[in-house]
Amino acid sequence: MSDLAIIAIKLVLVVVAFLVLPLVVGQVEHKAMAHMQGRLGPMYAGGFHGWAQLVADGVKFAQKEDVVPAEADRRIFSLAPAVALIPYLVVLIVIPVGPHGQVGVSLDPGLFFALAMIGVAVLGALMAGWSSANKYSLLGGMRVAAQLLSYELPMVLAASSVAMAAGTLNLSRIVDHWEWWWLPWQAIGGVVFFIAGLAELRRPPFDMPVADSEIIFGPYTEYTGLRFAFFLLAEYAGIVVLSALTTVLFLGGWKGPVMNTELGWLWTLIKVMILAFVVIWLRVSYPRMREDQLQKLAWAGLVPLALAQLALTGVIKLAIA
């Protein structure tokens, strides 16, 4: 098989995963939250346990009128949902799911590329808020920007600790270098990275900028129909990407108890889904943070912890060199 055909197959598989996994996470969130809160949740669409509820939601969004405010910047307003969603697809291309080339594209600066793309995704919210010609949407977009600036630093510092330990930015090679004893060594960085990622995705309890009780769903106030659905899909795609990156950097990626070569992709998928469940669990368990609490956690909590993890990694690397 030619190299071009192999690349095409890999890209198709990445797109399929991008289209399927966020919907699976969304359905799990429907049902898990219902059970955790002692309610039924959606039970009728599709018959058994409401399995087709997300399909019904998709049809509902497709049928809604696509409204654009008269004073909006129509071009930016239309592009914003794509800018919020597509970067997560691009990130999945560089995340390895198994050994021996089971990755869309293996990049030497893969970690840097993935973090940069996650930062680009947040621009979609800024574009949505600015282009809507709505002062509440603009204010919501500014809150998103403030949250991004706060949590980008600890996230990058925590990821840098793993890159320093492995001596590479290539995500596949990071997994190759990973050992089980990295779990306690890099535990602080893993927690910081995961929490900062949740904040960048604006997931509860860090959803203050887009909370309906705060500023009418933040920068997405004026969006309807499929464009609004794309922003929701971007949130679930972000959960998949965050869980996958955390798996690759801090949990050994495809390495499991047995058969790493044969079942590596399965170990990766299991870890990703467990972390996605933790994201849902946190949404149910903790109340929304205030703006001052959100900023204090970033600058007075996560940044010092990430710097401590970076210093610890440097000391251990020198000790074992």
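Me: What does A133 count as at 47% relative accessibility?
Reply: This is a predicted model, where local features need pLDDT of at least 70, side-chain atom pairs count only at pLDDT 80 or more, and totals for chains, interfaces and linings use all residues. Residues are numbered from 1 along each chain as its sequence is written, and side-chain values use heavy atoms, with hydrogens and water left out. Buried means under 20% relative accessible area, exposed means over 50%, and partly exposed is in between (1.4 Å probe, protein chains only). At 47%, A133 is therefore partly exposed.

Me: In which loop does A133 lie?
Reply: Helices here are DSSP runs of H or I with at least four residues, strands are runs of E with at least two, and both are numbered from the N terminus. Take the helices on either side, 110-131 and 135-166. A133 sits in the loop between α4 and α5.

Me: What is the phi of A133?
Reply: Most residues other than glycine have a negative phi. A133 is not a glycine, yet its phi is positive. The value is about 55°.

Me: Is R202 buried or exposed?
Reply: R202 has a positive phi of about 60° and is not a glycine either. Find it in the loop between α8 and α9. Its relative accessible area is 12%, so R202 is buried.

Me: What is omega for the cis peptide bond of P204 and P205?
Reply: Most peptide bonds are trans. The bond that joins P204 and P205 is cis. P205 lies in the loop between α8 and α9. Omega of this bond is about 5°.

Me: How many salt bridges does the count give?
Reply: Look for a side-chain nitrogen of Lys or Arg within 4 Å of a carboxyl oxygen of Asp or Glu. Each such pair is a salt bridge. By this rule, the count is seven.

Me: How far apart are the closest N and O atoms of E29 and R203?
Reply: E29 and R203 form a salt bridge, and their closest N and O atoms are 2.4 Å apart. The pair links distant parts of the chain, with E29 in helix α1 and R203 in the loop between α8 (187-201) and α9 (212-215), 174 residues apart. Both residues are buried. The atom distance asked for is 2.4 Å.

Me: Why does the pair of E29 and R283 tie together parts of the chain, and how many residues apart are they?
Reply: E29 also forms a salt bridge with R283, with the closest N and O atoms 3.2 Å apart. E29 lies in helix α1 and R283 in helix α11, so the pair ties together parts separated in sequence by 254 residues.

Me: Which residues are linked in a network of salt bridges?
Reply: E29 has a salt bridge with R203 and another with R283. Both belong to a network that also takes in E235. The linked residues are E29, R203, E235 and R283.

Me: What is the N to O distance in the salt bridge of R290 and D292?
Reply: R290 is partly exposed because its relative accessibility is 49%. D292 is partly exposed too, because its value is 45%. Their side chains meet in a salt bridge, N to O, at 3.0 Å.

Me: What percentage of residues 6-26 is helix?
Reply: An unreviewed UniProt entry lists residues 6-26 among its "transmembrane region" features. UniProt positions follow the numbering used here, feature names are shortened, and annotations may be inferred rather than shown by experiment. In the model, the end C-alpha atoms of this stretch are 31 Å apart, and strand makes up 0%. The helix content is 100%.

Me: What percentage of residues 181-199 is helix?
Reply: The UniProt entry also puts a "transmembrane region" at residues 181-199. Here the end C-alpha atoms are 28 Å apart, and strand is again 0%. The helix content is 89%.
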